[in-house]
Amino acid sequence: MAHESAMTRKILGLMAAALIAPLPASAMDVIHGEILQGWVLPDGNRMAAIRMTVEPGWKTYWRAPGDMGIPPSFDWSGSRNLSAVAVEWPAPTVFREPNLTTIGYKDQVVLPLRISVPDKGAPVTVQTTIDLGVCSDICVPASLELSGVIDTTTTRADPAIAASLAQRPFSAKEARVKDVTCTIGMAGADLTLDAAITLPPAGGQELVVIETGNPDLWVSEADTTRKGNVLHARVDVGHVSGGPVALNRSHIRMTVLGSKQAVDIVGCNAGLSLIHISEPTRLGMIS
């Protein structure tokens with residue numbers, strides 16, 4: 001199946017890069033991290049951040065890293081007075097190379113953290129392990145172990161964190177998105193999703209990144225084209241283990257990345273379904 005062969009190529013490519021190319025002495029030689037204090041929000045919760053700096057010529061990845069990137073994952077166990085963390089991702093950069101597109105950050109990135117605090121008056125101990133990838137001519141896995149105590153009482157925004165928050169993608173309303181329609185179909189044995197997004201141009205060579213909200217589903221790079229005010233994106237979707245695919249249109253997240261702006265869109269309207277429900281081995285549920 002197409003999605004299985006693409007996944008295989010991705011895994012083999014990463015393995016080949018690690019096996020053939022010389023590795024740095026340590027991934028810690030090329031990426032460094034620290035926790036920024038932030039401020040107290042009006043509801044008593046906290047805004048903090050992780051600042052990551054990569055050496056010149058290296059990059060790390062966004063939550064949806066593209067063809068051969070390694071997405072970051074966060075483990076917050078060990079933290080105290082922390083019940084939930086939401087990472088507020090700034091708009092990433094699209095790195096285009098021959099036959100390869102990846103999405104991420106170079107030089108430095110500040111990832112704002114919106115922290116839910118059970119005991120509003122007490123300090124927060126943040127302890128996290130971040131597993132991620134860093135790439136130059138080669139890709140290597142890295143693991144950052146960061147900890148810090150957030151005991152600030154200030155309500156004044158930290159400039160570095162505020163600047164990163166200002167770099168988040170625009171919402172659909174802010175970007176004047178008029179309509180979003182998703183059409184589900186089949187191409188051979190693969191499930192396909194076609195999105196039609198009515199919005200003004202985001203600038204340059206636009207890319208639509210589609211996420212399903214289900215970590216067990218694999219999504220190909222989008223074939224993105226524009227016709228007037230409508231941006232079209234088509235992807236293949238498959239289950240990582242080859243099982244049935246369940247899609248919920250309200251959970252589908254689309255990020256439009258252009259040279260002028262990025263746009264974050266959640267959910268889409270139902271288009272014409274091209275699925276025959278007589279495909280129970282490949283299709284779970286569509287809503």
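Q: How many disulfides does a search of the whole structure find?
A: The search finds two disulfides. Please note that the model is a predicted one.

Q: Which cysteines does the disulfide at Cys 135 involve, and how far apart are the sulfur atoms?
A: Cys 135 is bonded to Cys 139, with 2.0 Å between the sulfur atoms.

Q: What is the handedness of that link of Cys 135 and Cys 139?
A: The link is right-handed, with 120 degrees about the S-S bond.

Q: Are Cys 135 and Cys 139 buried or exposed?
A: Cys 135 and Cys 139 are both buried.

Q: And what does Cys 182 pair with?
A: Cys 182 is joined by a disulfide to Cys 268, at an S to S distance of 2.1 Å. The torsion about this S-S bond is about -115 degrees, so the disulfide is left-handed.

Q: Where in the chain do Cys 182 and Cys 268 sit?
A: They belong to distant parts of the chain, 86 residues apart. Cys 182 is in strand S12 (residues 179–187), whereas Cys 268 is in the loop between strand S20 (262–266) and strand S21 (269–270).

Q: Why do Cys 182 and Cys 268 count as buried?
A: The cut-off for buried is under 20% relative accessible area. Cys 182 has a relative accessible area of 0% and is therefore buried. Cys 268, at 12% relative accessibility, counts as buried as well.

Q: What pattern do the disulfides follow along the chain?
A: With bonded cysteines counted along the chain, the pattern is 1-2, 3-4.

Q: Changing topic: how many aromatic pairs are there in the whole structure?
A: A search of the whole structure gives two aromatic pairs. One of them is formed by Phe 74 and Trp 76, which are stacked with 5.7 Å centre to centre and 5 degrees between the planes.

Q: What about Phe 74 and Trp 89, why is that pair classed as edge-to-face?
A: The ring planes of Phe 74 and Trp 89 stand at 65 degrees, with the centres 6.2 Å apart, so the pair is edge-to-face; the cut-off for that class is over 60 degrees.

Q: Which parts of the chain does the pair of Phe 74 and Trp 89 link?
A: It links distant parts: Phe 74 lies in strand S4 (residues 73–75), and Trp 89 lies in the loop between strand S5 (84–87) and strand S6 (93–97), 15 residues apart.

Q: So which residues do the ring pairs link into a cluster?
A: The cluster consists of Phe 74, Trp 76 and Trp 89. Phe 74 is partly exposed, with a relative accessible area of 22%. Trp 76 is buried at 18%, and Trp 89 is buried at 13%.

Q: On to the fold: what does the secondary structure come to?
A: The protein has two helices and 22 strands.

Q: In what order do the strands of the open sheet that includes S1 run?
A: Four strands form this open sheet in the order S1-S2-S8-S5, with antiparallel pairing. Strand S1 (31–40) and S5 are at the edges and have a single partner strand each, so one side of each is left without a neighbour in the sheet. Neighbouring strands are turned by 25 degrees against each other on average, direction ignored.

Q: How many bridges join S8 to S2, and how many join S8 to S5?
A: S2 and S8 pair over eight bridges, and Met 47 stands opposite Arg 114 in S8. Four bridges join S5 to S8 (residues 108–116), and Val 85 stands opposite Ile 115 in S8.

Q: Which residues touch the most other members of the largest nonpolar core?
A: In that core of 35 residues, they are Ile 31, Ile 50, Met 52, Ile 115 and Val 126. The strands that each supply at least two residues of this core include S1, S8 and strand S9 (124–135). Another core, of 27 residues, lies apart from it, with Ile 184, Ala 195, Ile 252 and Val 263 among its members.

Q: What is Ile 50 in contact with, neighbours within four places in sequence aside?
A: Its contacts include Phe 74 and Trp 76, along with Glu 34, Val 110 and Leu 146.

Q: Finally, what share of the protein's residues count as buried?
A: Of its 287 residues, 44% count as buried. Among contacts between residues at least 6 apart in sequence, 70% join residues at least 24 apart.

Methods. Residues are numbered from 1 along each chain as its sequence is written. This is a predicted model: local features need pLDDT of at least 70, side-chain atom pairs count only at pLDDT 80 or more; totals for chains, interfaces and linings use all residues. Side-chain values use heavy atoms; hydrogens and water are left out. Rings of Phe, Tyr and Trp (its six-membered ring) pair if their centres lie within 6.5 Å; planes under 30 degrees apart count as stacked, over 60 as edge-to-face and the rest as tilted. Buried means under 20% relative accessible area, exposed over 50%, partly exposed in between (1.4 Å probe, protein chains only). Two strands pair if DSSP finds at least two bridges between them. Axes are lines fitted to C-alpha atoms, for helices over the stretch in contact, and angles run from 0 to 180 degrees between N-to-C directions. A nonpolar core is a set of buried Ala, Val, Leu, Ile, Met, Phe, Trp, Tyr and Cys residues joined through side-chain atoms within 4.5 Å. Contact means heavy atoms within 4.5 Å. A disulfide is a pair of cysteine sulfur atoms within 2.5 Å.
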